[in-house]
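This report walks through a few parts of one structure, moving from the place where two chains meet to the surroundings of a single residue. Please keep the structure in view while reading.

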Amino acid sequence: MNPIASFQGFGLGLRRPHYADFLDGGVAVDFVEVISENFMVEGGKPLRVLEQVRARHPVILHGVSLSVGSAHGLDQEYLARLRALADRIEPLWVSDHLCWTRTSAHNSHDLLPLPLTREALDVVCANIDRAQTALGRPMLFENPSSYLTFPEDEMPEWEFLTQMAQRTGCYLLLDVNNVYVSAHNHGFTARDYIAGLPLDRVWQIHLAGHEPGTIAVDTHDREVGEGVWELYAETLALTGPVATMIERDDRIPLLGELLRELDRARAIAAGADRTMAA
Amino acid sequence: MSGLAQRQDAFLGAILDDAAALPPGWDAERAPGLAIYRNNYRTALVEALRATFERTERLVGEAAFHRAAAHHCIMHPPSSWTLDRAGVGFPETCAELFARDPDVAELGALEWAMHEAFTARDTAPLTHTQFAETCAGFAEDAWDGLQPVLMPDIRCLPAHHDLVRLWSSLGTDDAEADLAALGSAHCAVVWRAGERPVFVLRPAWEGEALARFRAGASFGAVCAAMIDTLGEEAAVAEAGAMLARWVGEGWVERLGQ
């Protein structure tokens, strides 16, 4: 399986309120990330929009329903549709989350956490192998945010991700906000988490906003928090340049607001570059 | 069943049912986290239903719609990988919960059909020219065996209310429903014109003809059924015009025999 070519730059998620902006062209992004499932349809306008955006920008397919942590295995129809979309769009890469979403009977439509056990690691690695084989390409997997841990946990999440990447050859999508949220909720140190990852496998970074509280919630409905920006700067000092995008899925503002946040990411990355060069 | 499968079944069971006990081995400290997952699940589904059935929500009001959506999530947990399918069965839920107001389920079914048509398979419809060229050499008896293949996005729903007026009246948030019963049985035919789902009301017999063609009936068999319903003179007058109208609307993908 061919490795994924490295791609650095700054992008945004394609969301419906901004379709017209992207179709008009001239949006200052290096790539666009789309939710795969929104375009895994038989026909109609969504695919037309995506093809027109793809003609202007490199595209990343980011999924939420692969359910790579499901003990019940993968949905073959889902995989076939994802493969068809990837063949059609020729994305930079295809990503999903380290999570599970369904049992054999029902789907939660949420990114549910896994117990961090050797048994779960075996399931995840087997499912990733199947998914990557079905797609004919390696994938990226994103660290989740979570609101509870399991009594049977056997290892920290960064060790789970490290072993997962080593065993499957997958890459990592590092969501800095998720690290920040989970560190707050579970009492570990965000810096330890990031330092514990195989940083040479981090191919993309997500930045998003969260709702603070006794339990912080990964809401994607507001601007990126100051603590997350600081953690992003510290991460880049370790990784060097990595493709970065701002995620906003609720209370979606005008495009200009997101582009200003993306400019801030660019400035932080430029500062990290200068620091590394020195 | 593996330990992980048991854990996942118990976890999802606790999310789907607010009254469920914590999964085995969990202490009370995990309850607040579980509550967030329960809320995420319920919110995502209700919002998906609101997005798909926005006119139905305007018809019944926000509070009643929310109750119906929550009831639907509890009684029919989703099984598809896509939230786009969360509305499967919701018109039937509306029929059950708003039994005294059958217009609610009728409008819900229409919104669901429009939703499905939006992403139906892309296929070019038969043009008038292609239709004329195909039929030009037909012998008289060849028409009987003709089998129009309908476009994949065509849906036909029973209609007892003026859905055109109702749909139009509920187009904005501050709308007031314009609800009127139809004097005779009709059907709403839904399809996608280019990228836009649309619908028209037609007499019920035309919906029956669509259903028969969908089931593989020949033009001759459909004409015979129309004679039973309309009488011979009217059926003869309507059948050819109906087929030409369907081609004009873009409902026919091709002609088979």
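## Where chain A meets chain B

In this predicted model, the contact between the two chains draws 32 residues from chain A and 36 residues from chain B. On the side of chain A that touches chain B, the elements giving two or more residues are helix 2 (45-56), strand 6 (107-112) and helix 4 (118-135) of chain A. Strand 6 of chain A gives the most to this side, with five residues. Sorted by class, the side of chain A that touches chain B has 15 nonpolar, ten polar and seven charged residues.

## Two helices that cross in chain A

Helix 4 of chain A also packs against helix 3 (residues 76-89) of chain A, at an angle of about 45 degrees and with the two axes 9 Å apart. The crossing of helix 3 of chain A with helix 4 of chain A is right-handed.

Which residues meet where helix 3 of chain A and helix 4 of chain A come into contact? From helix 3 of chain A come Leu79(A), Leu82(A), Arg83(A) and Ala86(A), and they meet Ala131(A), Ala134(A) and Leu135(A) in helix 4 of chain A. By class, this contact has six nonpolar, no polar and one charged residues.

## An enclosed helix in chain A

In helix 6 (residues 176-186) of chain A, nine of the eleven residues are buried, so this helix is largely enclosed by the rest of the structure. The buried residues include Val176(A), Tyr180(A), Ala183(A) and Asn185(A). Around them, the packing partners of the buried residues are strand 8 (171-175), helix 7 (190-195), strand 9 (202-207) and helix 8 (226-239) of chain A. After helix 6 of chain A comes Gly187(A), which has a positive phi, near 80 degrees.

For chain B, the domain assignment gives domain 1 (1-100) and domain 2 (122-257). The centres of domain 1 and domain 2 of chain B, taken over C-alpha atoms, are separated by 37 Å.

His72(B) lies in helix 4 (residues 62-75) of chain B. Is His72(B) buried or exposed? A residue counts as buried when 20 or more other C-beta atoms lie within 10 Å of its own, and His72(B), with 24 other C-beta atoms within 10 Å, is therefore buried. Leaving aside residues up to four places away in sequence, His72(B) touches Leu49(B), Phe90(B) and Thr93(B). His72(B) and Val46(B) are 26 residues apart in sequence, and their C-alpha atoms are 9.0 Å apart in space.

How values were computed: Residues are numbered from 1 along each chain as its sequence is written. Chains are lettered from A and ligands numbered from 1 in the order in which they are written. This is a predicted model: local features need pLDDT of at least 70, side-chain atom pairs count only at pLDDT 80 or more; totals for chains, interfaces and linings use all residues. Two residues are in contact if their C-beta atoms, placed from the backbone, lie within 7 Å. Helices (H or I, at least four residues) and strands (E, at least two) are DSSP runs, numbered from the N terminus. Ala, Val, Leu, Ile, Met, Phe, Trp, Tyr, Cys and Pro count as nonpolar, Asp, Glu, Lys and Arg as charged, and the others, Gly among them, as polar. Axes are lines fitted to C-alpha atoms, for helices over the stretch in contact, and angles run from 0 to 180 degrees between N-to-C directions. A crossing is left-handed if the near helix is turned anticlockwise from the far one by less than a right angle, and right-handed if clockwise. A residue is buried if 20 or more other C-beta atoms lie within 10 Å of its own, exposed if 12 or fewer, and partly exposed in between; C-beta atoms are placed from the backbone. Domain bounds come from an automatic or database domain assignment.
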